[in-house]
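Please read the following briefing alongside the sequence and the model.

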Amino acid sequence: MTASEALAALAEAAVVAPLSLRRAGRVTAFDGSTVEVIGIDAMVGSRALIGPHRLAAEVIGFRDSRALLMGLSRLEGVKPGAMVLADAAEDAVAAGPELLGRVIDGLGRALDGGGVVRCARRAALHGAGLAPSARSRVTVPFATCLRAIDALLTLGRGQRVGIMAGTGVGKSVLLGQVARWADADVVIMALIGERSREITDFIETELSGPARARTVTIAVPAGDAPLLRVRGAQRAFAIAEAFRSQGQHVLLILDSLSRVIHGAREVVLARGEPAGTRGYPPSALAQIAALVERAGGERASGGAITAIVTVLAENDDRADPVVDAARGVLDGHILLSRALAGRGQFPAIDLAASASRVMADVADPEQLRAATRFRRLSSLVEDNRDLVLMGAYAPGADAELDAALALAPALEAFRAQDRGLRADAGDSRRALLELVAR
């Protein structure tokens, strides 16, 4: 065999692996928040890498023949004609016990300096959803170790409850107490849209000690991209669902739902959806139900997700569209009062405006009667406070009001609880029964 024949035989026998081809697009426009791209082969929800610095973005919609992308990080240095490479959509996220004690961002990247998070288990980012028949009823009390909640607004395992408040009324401290003391196997803490300093302070003060070991923290600071707020909340629910499927009771705290919806509003407005009530497009408000419905109990595994979400009442406006929509899908709401906070009461819970829709299913009749009596007496004191302070009320004119005023100091002391004081749920119930029996 000649040399030429040998080379020909070798060439014929050689196996050349097929080249991996990726269709790239090009940037045609950028308005500061939305990137328009032509030529990209991608679907809504797919990831993309823009320019030589491979800036992370996601496809949010289409306009004519162009794809609309929003950044998952700051889009700086985007140039006309920059190459855009399509990436796969993130359909599953890392979820498992390896996350306990860790702090991650909305994309699952470690923020605590502990190295890359590696989990063998994966969970669906958008969730599979529970059919009504697959849900378990809320029949077991959920102890928060906060006296005013456990005795007067008793929550249940698998309940979805909202804490509605303006800024500066003690919301973060209240959440920290619940995260530390609540009766749960796993705590998922999603801090969405908070200032970076507040996130650091919350983790190092409220989640210090043993509470940190059972907590997964997802942090998306206020300076991150709007789309990342939505993805951070979805990641938190996906991780919670993975623990629930293993039969565990998960407490998911989302602070705040309002900032997630604000992020969703920016996304849907960027893709051209018309604004609705007070500037909120319908699909942005629909995210509230989409997230909240992922919580609850699961019959098959016996696990449950108890969700506590905070809703910001901007300027203490209770008619805010997010507040109104959240109240309609949640199983209860706890309203924090600025007036009570101003008088130094903590937690500043407005009992008259708060409600737990499952309390009748998880508390016994004796406690229900006592809680109703307590709320009645508290309302009488608050409604007549100015009248009494002005000296316009004559004792003896109303026997029930006289009884309420006599118990007023004890009622206020019962509602108040020091930041470092853990109140056993059973002790809180007994103290309530003794107080209203006077």
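Glu382 counts as partly exposed at 31% relative accessibility, where partly exposed covers the range between buried (under 20% relative accessible area) and exposed (over 50%), computed with a 1.4 Å probe and with protein chains only. This is a predicted model, in which local features need pLDDT of at least 70 and side-chain atom pairs count only at pLDDT 80 or more, whereas totals for chains, interfaces and linings use all residues. Residues are numbered from 1 along each chain as its sequence is written, and side-chain values use heavy atoms, with hydrogens and water left out.

- Glu382 forms a salt bridge with Arg343, and the closest N and O atoms of the two are 3.0 Å apart; a salt bridge here is a side-chain nitrogen of Lys or Arg within 4 Å of a carboxyl oxygen of Asp or Glu.
- This pair links distant parts of the chain, since Arg343 sits in the loop between α10 (338-342) and β20 (355-356) while Glu382 belongs to helix α12 (residues 365-383), 39 residues apart; helices (H or I, at least four residues) and strands (E, at least two) are DSSP runs numbered from the N terminus.
- Arg231 and Glu58 meet through their side chains in a salt bridge of 2.3 Å, N to O, a pair that links helix α6 (residues 226-244), which holds Arg231, with strand β4 (residues 55-63), which holds Glu58, 173 residues apart.
- Arg231 counts as buried because its relative accessibility is 11%, and Glu58 counts as buried because its relative accessibility is 2%.
- Glu36, Arg63, Asp64 and Arg66 are linked in a network of salt bridges, and the structure as a whole holds 25 salt bridges.
- Side chains of opposite charge can pair when their charged atoms come close.

**A buried loop residue, Gln159**

- Gln159 is placed in the loop between β12 (155-156) and β13 (160-165), and Gln159 is buried because its relative accessible area is 1%.
- A polar atom of the Gln159 side chain lies 2.9 Å from the backbone nitrogen of Gly156.
- Leaving aside residues up to four places away in sequence, Gln159 touches Val138, Thr154, Ile305, Thr306, Ala307, Asp331, Gly332, Ser356, Arg357 and Val358, a contact being heavy atoms within 4.5 Å.

**Helix α3 and its cover**

- Helix α3 (residues 171-181) is mostly covered, with eight of its eleven residues buried, namely Lys171, Leu174, Leu175, Gly176, Gln177, Val178, Ala179 and Trp181.
- The cover over these buried residues includes β13, β14 (186-192), α4 (196-206), α5 (210-213), β16 (249-255) and β18 (304-312).

**Surface patch and cysteines**

- Leu387, Val388 and Met390 form a nonpolar patch on the surface, with about 270 Å² of accessible area together; such patches are made of residues with over 30% relative accessible area and no salt bridge, with nonpolar side chains (Val, Leu, Ile, Met, Phe, Trp, Tyr) joined within 5 Å and like charges within 9 Å.
- Met390 lies in the loop between α13 (385-389) and α14 (399-415), and Met390 is exposed because its relative accessible area is 66%.
- A search of the whole structure finds zero disulfides, a disulfide being a pair of cysteine sulfur atoms within 2.5 Å.
- Cys119 counts as buried at 15% relative accessibility, and Cys145 is buried with a relative accessible area of 4%.

**The protein as a whole**

- The protein has 15 helices and 20 strands, and its C-alpha trace spans about 120 × 45 × 40 Å along the principal axes.
- Of the 438 residues of the protein, 50% count as buried.
- Among contacts between residues at least 6 apart in sequence, 72% join residues at least 24 apart.
- The accessible surface comes to about 19,800 Å², of which 53% belongs to carbon and sulfur atoms, with areas taken from the Shrake-Rupley method with a 1.4 Å probe.

Terms used. Polar contact = N/O pair within 3.5 Å; in protein donor to acceptor, adjacent residues only side chain to side chain.
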